[in-house]
Amino acid sequence: MELDRQLLLRTVKPHEFSAVLLSLQPADFLRLKERHRLDAAGKPYIISEEEAFQELKAKLLHVMKTMRKVGYRLTAREYGHLIDCARAGKDPKMALEIWDMMCGFSVTPDTWTYNSMIAAVSGGSTSVEREFRVKEDILAHRAARAQGGDDMRKKAMKIYEKMTTKGIPPNSMTFDILMLSLARMGDIEGVGRILRQVWSVDVRKLPDESVIEDKRTTIPTDSPLYPTAHTLLAVATAYCQNGQVDTAIRTVDHISRRYDVPVSVPTWVALMNWTYVYTRLRNENPLPGSAMENLWEVMTGKPYNVAPTVDMFDYIVRSYLWRRMPGMAEKMMDLALVTISRRISSKAHGIEERIIHGRAIRTHKGSDAATSKGKHTSAAISKFRKDVAKLVRDEYRLRSIIRRWTELLVIGKDLEMTSFGTQQVPNIVDKWGLFLGKDIMYVLRTGYVELDLGKEGEDWQPITNRKRRWMWMTLGTGSKEEDDFF
């Protein structure tokens, strides 16, 4: 049996092995949508990123070992893919092992391989994920690591220098990753130098209207150095995590207009997140609360016309609640419920149409309509199950977020010192009670009110969106929720 298997493997051509290896994409395992599962009762649950990455890693190593066993040598493309997968799984040890293996076989890395390696050793990613605010304690920790030989800037720049020495041309992604590496060590001047030298963007002069209106570009559109949507996300993250939100917004807007690069949804979410963070910080020269509304108007107005996501709504609603503006918060809640619900309904209709369309095609093309009707391939069924699980979770998440908003509205801020509780809370409970639990309690000036909403056997459980600072304290006791920020 083993001999037959070896003979069969030797009939597989190198490009077919390569296609199998390259088809194992990190996004197909690590994205939130792909990590959704349905249990036996049809309820969605999620496996961890670590579990998903271990599944991917096992498949990658199996294919790689099989290729080497039958005598096929991996090329720079395959090695680069393996390093990128290690980067996506936050496994720098695996990336270094693959890099050493590649160099041992005298394979010359290409630009993508260098980019993935720079991202892996600098603690970053080629697709920006959650970043931490650069504070004194974080910088001290990273500086201590640097003294021990773990300086991400030096590692990143060393690989970049080797890249240029070998004559491998960098692209925009190379400098995106380098900017993030510098920003994590608080070297915001280094980020500015890259913007000036590569894209002729002088951040220090951006308040000058003549500079802002300058649409001249120094890089042709077909150049690998031309900025992309990822460049805007890297710029936003680099400046925001160092406390320069205004600079981030101006720079992103300037590059977007000057180079005609669209601002992606992740970039807007990052700007919303950091603006919200810095409007809530105390004793650190925080941004004014109106900064959230100004950014919202820029984002949803021309020329961007962004359709807000549930995360964007969450930031603006919480901003209004933080600033004691429950009326504006409730208006945004109304808009979020209508907008997101319609979006979910539209996606559900699309899934239904695809299922019906697939059945119709198979019934029409099949020679035997009775046996072919309603059949889908296992891959198609698996994709439908993931789509449905993601859609169900989207609905659960919308319910959970609206429930949390309503709880914060009912709890309010200093309710016992105002007339808000006696005048508005009953109306809020009446309007949004569908999203609340079985009972709710809120504090008044002279005591507290406990309401039994008469709900039994709810068929859904709210999803925790943020941790409460004091987990043992019951919601509704008058204690204000504090979000955990980085």
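Visitor: What share of the contacts with a separation of 6 or more is between residues 24 or more positions apart?
Guide: In this predicted model, such pairs make up 68% of those contacts in the protein chain.

Visitor: And how many helices and strands are there?
Guide: The protein chain has 22 helices and four strands.

Visitor: How do α4 and α5 sit relative to each other?
Guide: Helix α4 covers residues 49–69 and helix α5 covers residues 76–88. Their axes come within 11 Å and cross at roughly 160 degrees. Angles over 145 degrees count as roughly antiparallel, so α4 is roughly antiparallel to α5.

Visitor: Left-handed or right-handed crossing?
Guide: The crossing of α4 and α5 is left-handed.

Visitor: Which residues make the contact?
Guide: From α4, they are F53, L56, L60 and M64. From α5, they are H81, L82, C85 and A86.

Visitor: How many of those are nonpolar, polar or charged?
Guide: Seven are nonpolar, one is polar and none is charged.

Visitor: Different topic. How much of the chain is buried?
Guide: Of the 486 residues in the protein chain, 47% count as buried.

Visitor: How many residues are in the largest nonpolar core?
Guide: That core has 117 residues. V191, L195, W199, W268, M272 and I316 have the most contacts inside it.

Visitor: Which helix gives the most to this core?
Guide: Helix α20, residues 378–411, gives the most, with nine residues.

Visitor: Back to M272. What is M272 in contact with?
Guide: Leaving aside neighbours within four places in sequence, M272 is in contact with M292, L295, W296, M299, M312, Y315 and I316. I316 is also among the core residues with the most contacts.

Methods: Residues numbered from 1 in each chain as written. Predicted model: local features only at pLDDT ≥ 70, side-chain atom pairs only at ≥ 80, totals over all residues. Heavy atoms only, no water. Axes fitted to C-alpha atoms, helices over the stretch in contact; angles between N-to-C directions. Helix = DSSP H or I, 4+ residues; strand = E, 2+ residues; numbered from the N terminus. Parallel < 35°, antiparallel > 145°, perpendicular 65-115°, else oblique. Left-handed = near helix turned anticlockwise from the far one by under 90°. Contact = heavy atoms within 4.5 Å. Nonpolar A, V, L, I, M, F, W, Y, C, P; charged D, E, K, R; others polar. Core = buried A, V, L, I, M, F, W, Y, C linked by side-chain atoms within 4.5 Å. Buried < 20%, exposed > 50% of the residue type's maximum accessible area, 1.4 Å probe, protein only.
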